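Subject: Structure handover

Hello,

Here is the structure I promised to pass on.

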Amino acid sequence: SRRHRPRALGAFTRLTMSAAANSAAYWRIAGMSYLKYSNMCGEVVRASLKEPFFSQAKAREAVYMKASKFVGGKAQAPVITEVIPPSAGK
């Protein structure tokens, strides 16, 4: 007996689904982490913007982190760190 295949999954749908699944691994094949890959994609998109959108995107590149150490099960005073990428000042 043959398996019943839903009509919605035609040859085109199967082709695009398998192509999408294969393309998702390109960053892994290149030896990159997903975070590094997505950061590179973001840099390319921001570099393609024109003013005023370019300067607005540059302003959002600064990252603020807040971390607290725990000693004896109690949180200590939080430390706020600002990370500004070298490209943000350009």
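The notes below go from the overall picture to single residues.

**Confidence**

Please keep in mind that this is a predicted model. The mean pLDDT over the chain is 75. Of the residues, 64% score at least 70. Confidence is lowest in helix 1, residues 11–23, where the mean is 54. It is highest in strand 2, residues 70–71, at 92. Where pLDDT is low, predicted coordinates should not be read in detail.

**Overall layout**

The chain has 90 residues, and 7% of them are buried. Its secondary structure consists of four helices and four strands. Read from the N terminus, the order is α-α-α-α-β-β-β-β. Now the contacts with a separation of 6 or more: 12% of these join residues 24 or more positions apart.

**The tyrosines**

How many aromatic pairs does the structure hold? It holds one. The partners are Tyr34 and Tyr37, with 6.0 Å from centre to centre and 45° between the planes.

Is Tyr37 buried, partly exposed or exposed? Its relative accessibility is 34%, so Tyr37 counts as partly exposed. Tyr26 is in helix 2, residues 26–29. With 54% relative accessibility, Tyr26 counts as exposed. Tyr26 and Tyr37 are 11 residues apart in sequence. In space, their C-alpha atoms are 9.6 Å apart.

**A cis peptide bond**

Check the bond from Glu51 to Pro52 when you set up the model. That peptide bond is cis, with omega near 5°. Pro52 is found in the loop between helix 3 and helix 4, the latter covering 53–59.

Which residues make the nonpolar surface patch? They are Val63, Met65 and Val83, and the patch covers about 230 Å². Met65 lies in strand 1, residues 63–67. Its relative accessible area is 43%, so Met65 is partly exposed.

Ala67 also lies in strand 1. Ala67 has a relative accessible area of 47% and is therefore partly exposed. What does Ala67 touch, leaving aside neighbours within four places in sequence? Its contacts are Ala77, Pro78 and Val79. Thr81 is 14 residues from Ala67 in sequence. From C-alpha to C-alpha, Ala67 and Thr81 are 8.2 Å apart.

**In brief**

- The cis bond from Glu51 to Pro52.
- The nonpolar patch of Val63, Met65 and Val83.

Best wishes

Conventions:
Residues are numbered from 1 along each chain as its sequence is written. This is a predicted model: local features need pLDDT of at least 70, side-chain atom pairs count only at pLDDT 80 or more; totals for chains, interfaces and linings use all residues. Side-chain values use heavy atoms; hydrogens and water are left out. Rings of Phe, Tyr and Trp (its six-membered ring) pair if their centres lie within 6.5 Å; planes under 30 degrees apart count as stacked, over 60 as edge-to-face and the rest as tilted. Buried means under 20% relative accessible area, exposed over 50%, partly exposed in between (1.4 Å probe, protein chains only). Helices (H or I, at least four residues) and strands (E, at least two) are DSSP runs, numbered from the N terminus. Patches are made of residues with over 30% relative accessible area and no salt bridge: like charges are joined within 9 Å, nonpolar side chains (Val, Leu, Ile, Met, Phe, Trp, Tyr) within 5 Å. Accessible areas come from the Shrake-Rupley method with a 1.4 Å probe; for residues, only the protein chains shown count as cover. A salt bridge is a side-chain nitrogen of Lys or Arg within 4 Å of a carboxyl oxygen of Asp or Glu. Contact means heavy atoms within 4.5 Å. pLDDT is the predictor's confidence in each residue, from 0 to 100.
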